[in-house]
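These are my notebook entries on a two-chain model. I set down what I looked up, in the order in which I looked.

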Amino acid sequence: MRDLLTELMDSARARAGYADARFVRSRVERLSTRNGRLDELDSHESEGIGIRVRVRGAWGFAAVRGTERADAEAALARALAVAEAQPAVPDAGPLAPEPPARGEWSSGFERDPFEVPLEEKLAVLVAADAGLRTEPGVNLTRARFSGFRTETTFASTEGALCEQRVTECGGGISAVAVDRGESQIRSYPASHGGHVEQAGYEHFLKLELPGHAPRVAAEAVALLSAPACPHGRTTLLLAGEQLGLQVHESVGHAVELDRVLGREASYAGTSFVPADGIGSMQFGSELVNVTADATSPGGLGSFRWDDEGVEGRPVPILRDGVLRGFLSSRETASEIGLDRSGGCMRADGFTRQPIVRMTNVNLEAGPAGSLDDLIAATDDGLLIETNRSWSIDNRRLHFQFEGEAAWEIKGGERGRLLRNPSYAGVTPEFWGSCDAVCSPSEWRLISLLDCGKGEPGQVMRVSHGSAPARFRDVEVGVA
Amino acid sequence: MTGGPARDIVADEIAARAAERAGPDSFALVTLERSLMLRFAAGRPTQSTAIDDVTVEIAVPFHGHVGRASTNAVDDAALAECAERAKLAARAAAASGNGDFPGFGEPDDLVVARDTFDPATAELDPASGAAGLEEAFSVAAEHGVEAHGIWTVAEQEQGWALGDDYPGGQDAEAERRTDAFMKVICIAPSGRSGYAASSSVTAADLDAGALAEQAARKATAAGEPAELPPGEYPVVFEAPAVGWLCDLLAGCAFNGLAHAEGRGALDGKIGDAVAAPAINLADSPAHPRTLPRAFDAEGTRKWPLPLIQDGVAHGVAYDIRSAALAGDGAVTTGHALAPGGDAAGPHPTNLVLAGGGAADEAELCAPIERGVYVTRLWYANVVRPKETLITAVTRDGTFLIEDGRITRPLRDLRLTDSVLSILARTTALSRDQTLMSDGEFYGRRFAYGVVCPALRADAVRFTGAAG
């Protein structure tokens, strides 16, 4: 494959100002139970080559399945033909410089999830599902396992030639309770597919799904009769997945430089963040420090090189609440005069071209101690846990989130369980109201498995690290 | 890998080879995609994507469980390996006891979809697309606005086959389809934007200039933008917004799996009035304006399925698995998204909402003293599915209605309301229907849309500002 891609790039050099090629072999395994019966038993494999060329400033990309030389050469010809047919972009600038990526890299794991017998994985899921069904009143129980492997070979007309192999694994459980017109769900360790890390089967086992199942089921049933989240303004504590999603939607997407430059206006939208805001835009309070770190151990946004061969590294995004950087590509970085790409180009398999994506966009820990310490230091407020629904406008400014469960905080203690918790806000005001972030001992990665962007659509798996944080004067009970 | 003339259909032959290797009782679904998408932003091309790929899905039922595996290789060795993975999964599942899946059966031969393929569209000609882009750029420039959007065409071939031992009838079938979609979002220097889109089986139906004109006029509508506080307002929803609402409703209310599990919004409500009497919603796979399909992912023939008739809940959509779970004589209605059933359940992909008596959107606005005109919704998500409670923001063409007509732009708003409640408060629908598609193509391309009119509804709940 290395030879084939190198030769393709040799051919492309004469007809394109720049070209790159990626061979990607993907393997996915999804297993799940549903009400005690095995549900998904899916195994997906695919491989192919995607070739991207830049001709007179216009991009062409063609993807073809398989590894045959004739098909790969036809794909290159198709990419060139498509690029050449486009209206020219005479003012297109150069790509930000980058030393050619060379070498090999693999993510680590202790036990290969694809080598673990199916029966062993299913036994864990069946046990977890049984634990969920110990609670009367639960209508639907689910337990999930997911394993991913992505092998990539990348070459470019600038001499890059590198290989990467990434293994990801994880899972989760959920229980749905229904009573007349009311339906409530609780999930562990997160909703929307659970928690996946760049790791092996050992990570799935560490989740201890069967042990958490009875609590999850009991909370789902308890939510049916819990008081509804009241409407008003209050102090809000966020932790885990909900805080990670808040970072994802209102910080991560807002600082994608393609959005900032208007390139995603036709689909994902734009951004309220100005392209010239580095160093001057106050995004949040001085406690808000965010880093896009492609080296976070276990993060789904970790890699040695992105999908245009830029080496992954930590990129400061917010420091003391002030904008310090963007998620960028070689093209977008060059357009605003940055010395180097942020290394954020990622593609969903061989059939999609790389676009600006999140790596691991992490909220750095603060000095506020543990979550218990933070609750103890809060007189009156609300703790919302686990995401149920999310929506944010196309400038990433006005958002509305719903959680699975909330707890009242009164006099520094966790109080009643509340159902249907929701909150809304405006991004810079919300992050400006952040007055506490818990300490490094509380810092955890969460995973989001289905971040959608691009046309044709691309789904990306990303992680966000954070420690619980507190926000003042937030509107709650909006849905 | 060229955009040349359409080739012979091969999906059923690949499916037959796959099913043969998977053995008795198995099912194979093969989907070939050749597509081209041109993207543009601010009056210049930004990305273009040509795809030539195939997905072979093999499903093996065993003791009521379904093991599934897929590959994008079509040689015999790869198909045999894929079949082996599916069989291995099914056997592993059976070790935990029997499941509910009754097996793949031979479907009835009821309705044949029509006009699914246009040879010219299947050419996937980048020059045609580039000409469309140039036209959109030109019209946008005349209006002093930026043009953003996509132009995309595809040829898709889908075939299925059953393994041996199915008695009688057809055991393999294939269908070739084309689809074409273009959308234009124009953005004025003021930041105001307008939207127009078109979807069809035929690329020649995409009128780039007309779309750009329509989007530009919205973006440059006169008047200072007004703001409305949160509250309830009468609304005229254009067809793109109605399409979103109908598709969201489908996930909450017409999903036979959720219905069978007691989670569906129509649980216990079949036969009840759930919408205004003017609401007639069906899944109509052969409707002249839809993107027609002859069969679903389990090879089941598609036929019209009434969902809401004269405002009364009539039924839900099933695949084989959810129908078996529902019992009471329920059968698959041809809405499977994957062989053996998608984990999320079945989904109607050819929704048609019947039109009403209003001549156009202007007539819908006429009775409104003060209200909101919504072109499209964005970032919609279900909040509480059993209540069909959703939230979304308006985008690309929101206007204030005063004294029966649109008077000026309106700052975008967040809508948080129940879709069934909106349909219950619907007071009029436009006569004409339009095929609305978002042109979102995640994974293997699956073009679908909702054929719907514009509508007027009272007391729609907005919970905040947006944009």
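**Entry 1: helix α3 of chain B.** I began with the buried residues of α3(B), which pack against α2 (69-85) of chain A together with β1 (27-41), β2, β4 (146-162), β5 (172-187) and α4 (208-219) of chain B. Helices (H or I, at least four residues) and strands (E, at least two) are DSSP runs, numbered from the N terminus. The model is a predicted one, in which local features need pLDDT of at least 70 and side-chain atom pairs count only at pLDDT 80 or more, while totals for chains, interfaces and linings use all residues. Residues are numbered from 1 along each chain as its sequence is written, and chains are lettered from A and ligands numbered from 1 in the order in which they are written.

I then listed the buried residues of α3(B); among them are Pro126(B), Leu133(B), Phe137(B) and Val139(B). A residue is buried if 20 or more other C-beta atoms lie within 10 Å of its own, exposed if 12 or fewer, and partly exposed in between, with C-beta atoms placed from the backbone. Helix α3(B) covers residues 126-143, and its end C-alpha atoms are 26 Å apart, which agrees with the 26 Å that its 18 residues should span at 1.5 Å a residue. The expected span is 1.5 Å times one less than the number of residues. Just after α3(B), I noted a positive phi of about 75° at Gly144(B).

**Entry 2: helix α5 of chain A.** I made the corresponding check on α5(A), residues 209-225. Its 17 residues reach 25 Å from the first C-alpha to the last, close to the 24 Å expected. Its buried residues include Leu209(A), Val216(A), Glu219(A) and Leu223(A). What covers the buried residues of α5(A) includes α3 (118-132), β5 (138-156), β6 (161-179) and β17 (398-410) of chain A.

**Entry 3: domains.** I took the bounds from an automatic or database domain assignment. Chain A is divided into domain 1 (2-225) and domain 2 (232-476), with C-alpha centres 21 Å apart. Their contact takes 44 residues from domain 1 of chain A and 40 residues from domain 2 of chain A.

For chain B the assignment gives domain 1 (11-219) and domain 2 (231-465), and their C-alpha centres lie 22 Å apart. In chain B, 43 residues of domain 1 are in contact with 34 residues of domain 2. The largest share of that domain 1 side, 6 residues, comes from β5(B). By class, this side has 20 nonpolar, 9 polar and 14 charged residues.

**Entry 4: between the chains.** The contact takes 70 residues from chain A and 79 residues from chain B. On the chain A side, β2(A) gives the most, with 11 residues. That side divides into 32 nonpolar, 23 polar and 15 charged residues. I also found 4 bridges that join β3(A) to β2(B) (residues 44-62), the two strands running parallel. The bridge partner of Val64(A) in β2(B) is Asp52(B).

**Entry 5: an open sheet in chain A.** I traced 4 strands in the order β12-β11-β10-β15 of chain A, with antiparallel pairing. Strands pair if DSSP finds at least two bridges between them. Why do β12(A) and β15(A) each leave one side without a neighbour in the sheet? Both stand at the edges, each with a single partner strand, so one side of each has no neighbour there.

**Entry 6: backbone details.** The peptide bond from Tyr188(A) to Pro189(A) is cis, with omega near -10°; Pro189(A) is in the loop between β7 and β8 of chain A. A cis peptide bond also joins Glu455(A) and Pro456(A), with omega about 0°. Asp473(A), in strand β23(A), has a positive phi near 55° and is exposed. For Asp310(B), phi is near 50°, and the residue is partly exposed, with 14 other C-beta atoms within 10 Å.

Methods: Two residues are in contact if their C-beta atoms, placed from the backbone, lie within 7 Å. Ala, Val, Leu, Ile, Met, Phe, Trp, Tyr, Cys and Pro count as nonpolar, Asp, Glu, Lys and Arg as charged, and the others, Gly among them, as polar.
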